[in-house]
There are 2 protein chains.
Amino acid sequence: MSVTAPKGWLASGVRAGTKPSGDLDLALVWSEKPAVVAGAFTTSSVPSAHVMVCRPLVAAGSARGVIVSAGIANAFTGAEGTHDAQRLAALAAQATGTPADEMLNCATGTIGPRIPVDDVAPAVKVAADSLSVEGGTDAARAIMTTDTHPKTAVRTIEIDGTQVTVGGMAKGAGMIAPRMELQGTLLVFLTTDADVGVDALRAVVGGSVEDTFNAITIDGCMSTSDTVLVFANGASGVEASTSEAFADAVREVMAELAYAVVADGEGATRVVRVQVSGAASSEDAKAVAREVANSMLLKAAVWGNDPNMGRIVQAAGQANAKLDPDKLVVSMCGIVLSVGGNETGRRAEAEALMRQGGEVTIGLEMGLGDADAQYLTCDLTPEYVRFNGDYTT
Amino acid sequence: MSVTAPKGWLASGVRAGTKPSGDLDLALVWSEKPAVVAGAFTTSSVPSAHVMVCRPLVAAGSARGVIVSAGIANAFTGAEGTHDAQRLAALAAQATGTPADEMLNCATGTIGPRIPVDDVAPAVKVAADSLSVEGGTDAARAIMTTDTHPKTAVRTIEIDGTQVTVGGMAKGAGMIAPRMELQGTLLVFLTTDADVGVDALRAVVGGSVEDTFNAITIDGCMSTSDTVLVFANGASGVEASTSEAFADAVREVMAELAYAVVADGEGATRVVRVQVSGAASSEDAKAVAREVANSMLLKAAVWGNDPNMGRIVQAAGQANAKLDPDKLVVSMCGIVLSVGGNETGRRAEAEALMRQGGEVTIGLEMGLGDADAQYLTCDLTPEYVRFNGDYTT
């Protein structure tokens with residue numbers, strides 16, 4: 001059900017003909033009643049048309065829905081691309097009877113080409129006519145590009161005896177290294193029936209994005225189009241602006257989707273969890289975690305079941321963080337491989353654990369303070385290269 | 001002849017048993033007379049033992065030679081590793097009758113393990129006894145790790161009617177993204193018989209490294225051990241401290257070696273030249289060139305003969321440089337693919353040129369100023385991943 005799990009939310013996924021495969025490629029998410037919205041966008045200097053169009057609308061704080069096109073990213077398309085994004089949103093607004101400035105537009109797919117809005121227009125009407133609770137499933141499928149499966153998550157909590165639900169869907173399998181404001185092509189849409197003030201929603205989104213979507217990387221490539229949108233329509237009748245439980249539910253849905261994105265990384269066979277502790281500052285912890293998570297050499301070693309301590313240290317060394325090699329403790333799969341530059345001789349144990357498959361944990365205890373950070377990534381495989389030698393994004 | 005092309009320089013390459021393959025793994029370079037030295041080192045926060053030992057000696061400005069061990073990097077090895085590096089240098093100094101503080105040590109290979117100095121000691125003696133002009137060839141071979149062939153370059157110029165020679169050798173095929181001071185494991189050794197003051201030599205090295213070795217990347221991974229050393233022994237009798245021709249010769253030798261390193265990148269099939277022009281500042285130009293050159297997605301596209309304009313733009317967008325998408329002109333192999341976000345429809349022409357093989361040029365004209373920069377890299381292939389899933393560095 002994904003984004004239609006909360007009360008008052010409908011969705012659909014239809015074919016507009018922009019994916020060469022002919023798969024579902026146009027998703028519509030819509031609230032039966034007015035809603036507030038908060039979001040986070042890519043920090044790319046070449047933001048896609050939808051990012052430029054959405055930013056001021058999301059800043060205004062009210063939106064009832066979003067029309068999402070997958071197949072063509074509408075990025076690096078100049079003033080005409082901006083106009084295309086506005087037209088698509090206007091068509092969806094008209095078809096659903098929504099005020100024009102409360103319908104958002106997102107896009108993902110190939111960078112460069114324009115979206116053929118005239119060709120897509122009939123599908124927008126079909127998407128509006130197909131809106132339903134069951135349509136959440138098709139919507140999650142329609143936003144996929146190189147994803148191998150749809151990614152959805154739902155949390156239901158109880159506040160003052162009433163159920164409040166947070167639902168979400170995400171897409172993204174390559175060009176994933178978001179660094180969004182508050183702080184890919186990662187597209188994430190969350191809906192809730194909680195009644196939340198827009199300022200409170202922004203605070204919840206800001207706090208959650210930083211530790212979830214801003215702490216994953218597949219290939220170190222930040223997209224022109226990364227977007228996270230969280231809508232709240234209040235249909236549950238429960239005021240949740242100050243609810244910790246609500247904030248936790250949003251964070252959990254985001255964390256589940258972020259994990260799913262990494263696990264479905266292009267060509268990936270396993271998730272790598274980089275845990276940095278004992279850093280002098282949070283910035284240092286995050287910088288070290290990010291460098292390690294982005295290391296092609298290390299990710300290739302993980303694919304090869306090689307507990308390659310040297311590549312962890314090499315990556316940490318280029319993070320521009322405060323670092324004392326004599327205090328650094330490096331571990332893989334919970335096995336300590338080196339303490340301050342003295343190898344522990346436990347490499348074979350770590351390799352045996354790696355060969356069992358599943359998630360690989362990399363630990364760096366820096367011994368300099370109490371700041372920590374975590375980053376999720378995936379292994380780098382020959383399939384990633386083969387795949388991206390063929391696929392045009 | 002490489003480093004022994006200039007007058008008064010001898011070298012050798014022998015087997016010390018640290019490479020599992022049993023290949024040559026210990027190189028010695030030595031001047032028959034006193035020499036000055038200038039250098040540049042990795043900026044990693046986890047510098048290898050040899051970097052820590054060499055830095056103050058190179059700062060002092062006098063050195064007659066260097067003993068290079070390939071197979072074990074002696075990096076992240078704590079105080080004992082530092083002692084190992086000092087002992088190796090001392091053994092080479094003793095065997096050649098050189099003052100202890102005028103013999104340097106460098107190492108490359110696996111990070112983590114210590115160098116078994118006692119086992120290597122007899123080979124140091126053999127290396128000293130084998131020093132010869134012809135030994136330059138073996139030396140270039142002995143410093144290789146994952147390189148597929150030795151990399152050497154020589155320039156001979158005439159100053160005031162007398163020949164002056166600059167020779168060099170380099171190794172490096174992975175973990176290559178140097179950012180050295182003045183401004184990875186890249187090891188580069190240049191020798192010359194020019195008579196150059198140490199301050200002049202430092203200026204020449206600093207200027208040349210920035211545009212050559214600091215403008216290449218193979219995998220975005222800066223090594224713990226990157227080192228460039230340039231020795232001048234004055235054996236030609238020609239004072240060259242203020243000679244432009246000499247500075248040019250050093251730069252040309254470095255540029256030739258830098259190109260050779262990229263062309264021999266792990267798994268690489270071709271060189272990619274990223275040229276940024278019209279940037280608002282040199283920093284911006286270099287940042288954009290570096291991001292594009294480090295893009296896994298783009299490098300995979302090059303391997304697949306895909307003129308993927310979108311991935312160029314995406315990479316440029318994450319460089320934190322001043323950038324106006326409406327002014328950006330993107331080209332590949334000399335074919336303009338987009339002007340300010342308007343595709344030119346010449347993709348097929350670029351693809352045809354790519355399929356001819358050879359070097360691929362990527363152009364970004366930013367239209368914001370007159371600063372430019374160039375970066376060299378290589379394509380990313382499934383072989384890179386397979387190779388690094390097996391090889392432990």
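So, the crossing of α1(B) and α2(B) is right-handed; a crossing counts as right-handed if the near helix is turned clockwise from the far one by less than a right angle, and left-handed if anticlockwise. When I say helix, I mean a DSSP run of H or I, at least four residues, and a strand is a run of E, at least two, both numbered from the N terminus. Before I go on, this is a predicted model, where local features need pLDDT of at least 70 and side-chain atom pairs count only at pLDDT 80 or more, while totals for chains, interfaces and linings use all residues. Residues are numbered from 1 along each chain as its sequence is written, and chains are lettered from A and ligands numbered from 1 in the order in which they are written.

Back to our pair. α1 of chain B covers residues 49-60, α2 of chain B covers 78-96, and they pack at an angle of about 60° with their axes 8 Å apart. Those axes are lines fitted to C-alpha atoms, for helices over the stretch in contact, with angles from 0 to 180 degrees between N-to-C directions. α1(B) and α2(B) are therefore oblique to each other. On that scale, under 35 degrees is roughly parallel, over 145 roughly antiparallel, 65 to 115 roughly perpendicular, and the rest oblique.

Who does the touching? From α1(B) you have Ala49(B), His50(B), Met52(B) and Val53(B), and from α2(B) Gly81(B), Thr82(B), Asp84(B), Ala85(B), Gln86(B) and Ala89(B). Contact here means C-beta atoms, placed from the backbone, within 7 Å. By class that's 5 nonpolar, 4 polar and 1 charged. Ala, Val, Leu, Ile, Met, Phe, Trp, Tyr, Cys and Pro count as nonpolar, Asp, Glu, Lys and Arg as charged, and the others, Gly among them, as polar.

Now another helix pair in chain B. The axes of α8(B) and α9(B) come within 9 Å and cross at roughly 160°, and that makes α8(B) roughly antiparallel to α9(B). The crossing of α8(B) and α9(B) is left-handed. Leu297(B), Leu298(B) and Ala301(B) in α8(B) meet Arg311(B), Ile312(B) and Ala315(B) in α9(B). That contact has 5 nonpolar residues, no polar ones and 1 charged.

On to the interface. There, 56 residues of chain B are in contact with 56 residues of chain A. On the chain B side, the elements giving two or more residues are α2, α8 (296-303), α9 (309-317), β13 (342-343) and α11 (382-390). Which of them gives the most? That's α9(B), with 8 residues. The side of chain B that touches chain A splits into 22 nonpolar, 27 polar and 7 charged residues.

Methods:
Two residues are in contact if their C-beta atoms, placed from the backbone, lie within 7 Å.
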